[in-house]
Amino acid sequence: MKSPRLIFMTAAVAALAAAGVTALLVNIFERKQEARETSFRVVELNDEIDDAAVWGKNFPFQYDSYLRTVDQTRTRYGGSEAIQRTPTGADPRSIVAQSRLEEDPRLKTMWNGYAFAVDFREERGHAYMLEDQTFTERQNVVTQPGTCMHCHASVYLPYKRLGRGDLIAGFEAMNKMPYKEARPLVEHPVTCIDCHDPSNMKLRVTRPGFIEGMREYKAAQGVPNYDVNASATHQEMRSFVCGQCHVEYYFKGSEKRLTYPWTKGLKADEILSYYEENGFKDWTHADTGAPALKAQHPEFEMWNQGIHAKSGVTCADCHMPYVRQGAMKVTDHHVRSPLLNINNSCQVCHNWPEQELLDRVHTIQDRTYKMRNTAMDALVELIGDLKLARSNGTSVTAVTAAQASQRRAQFLLDFIEAENSMGFHAPQEAMRILGLSIEHTRQGQRALLVR
Amino acid sequence: MTKWLVVVAVFAGLVMGIGGYTFIYAKGASYLTNDPAACANCHVMNDYYVKWQRSSHRSVAVCNDCHTPTGFLQKYMTKASNGFWHSFYFTTGNFPDNIQITPGNRTVAADACLKCHEPLTRSMSPGHDTPGSCLKCHGKIGHPQ
């Protein structure tokens, strides 16, 4: 009686052990296979395909992460929150991001008279760039030019088609069109072809604004005829492809040529002195009559002033870090805040606990935010003083001087406000610029003391 | 009696056979050596292996010199424990892409500096003679970026 039971028990234990060891064997086999297959060539790519879904057949992991830029996640000072709205005929979006104007009404005062005072929301992921640009209420307040497409759509092929093969000619032609006329010419938000050469996947710059902006910037530094695609290193390219759009810009002249104001340098005050010299203004402030400037997401410029840039750390290193897919290292094309992915982003270099790293970033951002608020309060006060001064008999000389100060203070403040890192990309530089902004506000208020 | 012994022997033999094959297929014996290439059997360690090859220590210290303690028993206990947990996490796949050293393993690595540098550090100013403090400043020495 005893031995059949024992045999059964022994068989059961041995079977379990054999199953376990075999499972392990198969797992080891699979892990070894992972290391072999690292690329798949399913379709032939060429310079005429801008549909990411086609590229995605050859690069499924990159494509999969690229699609995830639809995610809406908040960080303390950035990211976006999915807000429901009732779709209308003019705007079919059922979900948008939170309104920055409602969060901080002082922004309305700062931008009074400009389209941004009507609708300004937190930026969403790359997937929404075209949609959010098409349906923003700003479109209803002003007639925007086709220039906007440069960074809100995949324009490489549309530019080439419009310019009959000439990228720059296409760029110039689309700049002159009204937005609504240019809109049907583009189809996708940023796609693979905008940053990659289809023949070998090398990074490349396709945006005329950056190609020309860099050429001017380098020329001012004594390097003539700089061609970013021929001269930049791979590591530089890992920032330059992002710098194609994440920069300060303006529309030059009646042809609305997109221009990056970099000939005096990349710092906020250097860019301001560029505008001071050429006299450009975005709009006339509704309350004060000041010839005002709007700063736009100068991430590339701010990053250039920071410690990470000095250490050779690029945009992609933190915003598109390597992730492991089996034995492969894949660049994460889910471009997002590094704070949502601290292990992959920060801990490559910084061997500290995730919470410690998050706290360090928040310390920098909290301080910048407080300083930004101080500068904003001061500016709003100056705008109030100026408004009053225009009706209480203050001399034109005093008002003009104060308007000039407002223009400067406002641009510098907006430079930090519009920059998407709340100071992190270059903490001390951000504080310096905010300090300068407050100084200009002070000068403006002082000018009004002399009636 | 002998009949069930035969059955047991068959089952035991089967397990040992598959187990033995798995052990060889997974290069199990290599883990008992000091060869740094063994640590990179799993491709997770490739980066660390490559960086070590570019480090100042490549010709004077292998993985085991810094990542296992002195003493035969202590060394193989550390290898066994890490071997088990590394296999466990690599098999299940539940670990961060940029792997983080455990506090225990950090202590081992921090204390290991003095194996060679103690004669020099003993005569140096405070901070250089405390066991385990080297990594505060020299943490990247074995795997420079």
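How many residues lie between strand 7 and strand 8 of chain A in their hairpin, and which residue in the turn has a positive phi? I will come back to that after some ground rules.

This is a predicted model, where local features need pLDDT of at least 70, side-chain atom pairs count only at pLDDT 80 or more, and totals for chains, interfaces and linings use all residues. Residues are numbered from 1 along each chain as its sequence is written, chains are lettered from A and ligands numbered from 1 in the order in which they are written, and side-chain values use heavy atoms, with hydrogens and water left out.

Now the hairpin. Two residues separate strand 7 and strand 8 of chain A, and G326(A) in the turn has a positive phi of about 60°. Strands here are DSSP E runs of at least two residues, helices are H or I runs of at least four, and both are numbered from the N terminus. Two strands pair if DSSP finds at least two bridges between them.

Next, chain B. It has seven helices and zero strands. Its radius of gyration, taken over C-alpha atoms, is 20 Å, well over the 15 Å that the globule rule gives for 145 residues, so chain B is more spread out than a compact globule. That rule is 2.2 Å times the number of residues to the power 0.38. Along the principal axes, the C-alpha atoms of chain B fill a box of roughly 75 × 30 × 25 Å.

On to the interface. With contact meaning heavy atoms within 4.5 Å, 25 residues of chain B and 31 residues of chain A take part. The two chains bury about 2,500 Å², 60% of it on carbon and sulfur atoms; this is accessible area (1.4 Å probe) lost on being put together, summed over both. In chain B, Y25(B), H43(B) and D97(B) lose the most area to chain A, together 25% of what that side buries.

There is one salt bridge between the chains, meaning a side-chain nitrogen of Lys or Arg within 4 Å of a carboxyl oxygen of Asp or Glu. K329(A) and D47(B) form a salt bridge, with their closest N and O atoms 3.9 Å apart.

Last, a salt bridge inside chain A. D47(A) and K160(A) meet at 3.3 Å, N to O. D47(A) sits in the loop between helix 1 (2–34) and helix 2 (52–58), and K160(A) in helix 9 (residues 156–162), so the pair ties together parts that are 113 residues apart in sequence. Over all chains, the structure holds 35 salt bridges.
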